[in-house]
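This report concerns charged side chains and a region listed in a database record.

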Amino acid sequence: MRRNNYPYQPLNQNPGPSAPASHDALEAENERAAEELQQKIGALKSLTIDIGNEVRYQDKLLRGIDDDMDRTGGFLGNTMTRVVRLAKQGGGSKQMCYMFLFVLFVFVLLWLTLKFK
């Protein structure tokens with residue numbers, strides 16, 4: 001009968017003529033439990049190492065993405081500065097209109113390509 005939902009059976013505490021035999025059985029049970037515990041600890045250690053490796057890989061990947069985003073932000077900032085400078089120059093509105101029409105043409109071309117693919 002199990003008590004408190006534990007997976008072991010309590011041993012008889014009354015010493016009798018078979019006390020050495022019950023002691024050997026207890027030792028064997030302890031050895032088996034120790035081996036099971038050692039296997040579980042090994043599995044947990046392996047899992048912990050795998051998690052650590054995955055965390056290091058993800059951290060490296062995120063740092064690379066962060067660096068790429070910083071470079072892209074700098075490039076976009078430089079591009080916007082050039083566009084503003086171009087708009088302030090004489091005749092900039094004509095060039096901005098051409099640029100807008102070009103971008104609109106590219107989007108329409110991409111939309112048609114994807115629609116009829």
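The paragraphs that follow treat the salt bridges and then the annotated region.

The structure shown is a predicted model. It holds four salt bridges.

Which residues are linked in a network of salt bridges? The network joins E29, R32 and E36. R32 and E29 lie three residues apart in helix α1, which covers residues 19-88. E36 and R32 belong to helix α1 as well, with a spacing of four residues. As to accessibility, R32 is partly exposed at 39% relative accessible area, E29 is partly exposed at 39%, and E36 is partly exposed at 36%.

The pair R71 and D68 is also found in helix α1, three residues apart, or about one turn of the helix. Is R71 buried or exposed? R71 counts as exposed, because its relative accessibility of 55% is over the 50% cut-off. D68, at 39%, counts as partly exposed.

Turning to the record, an unreviewed UniProt entry lists residues 96-114 as a "transmembrane region". In the model, this span is 100% helix and 0% strand. The C-alpha atoms at the ends of residues 96-114 lie 27 Å apart.

Key. Residues are numbered from 1 along each chain as its sequence is written. This is a predicted model: local features need pLDDT of at least 70, side-chain atom pairs count only at pLDDT 80 or more; totals for chains, interfaces and linings use all residues. Side-chain values use heavy atoms; hydrogens and water are left out. UniProt positions are given in the numbering used here, feature names are shortened, and annotations may be inferred rather than shown by experiment. Helices (H or I, at least four residues) and strands (E, at least two) are DSSP runs, numbered from the N terminus. A salt bridge is a side-chain nitrogen of Lys or Arg within 4 Å of a carboxyl oxygen of Asp or Glu. Buried means under 20% relative accessible area, exposed over 50%, partly exposed in between (1.4 Å probe, protein chains only).
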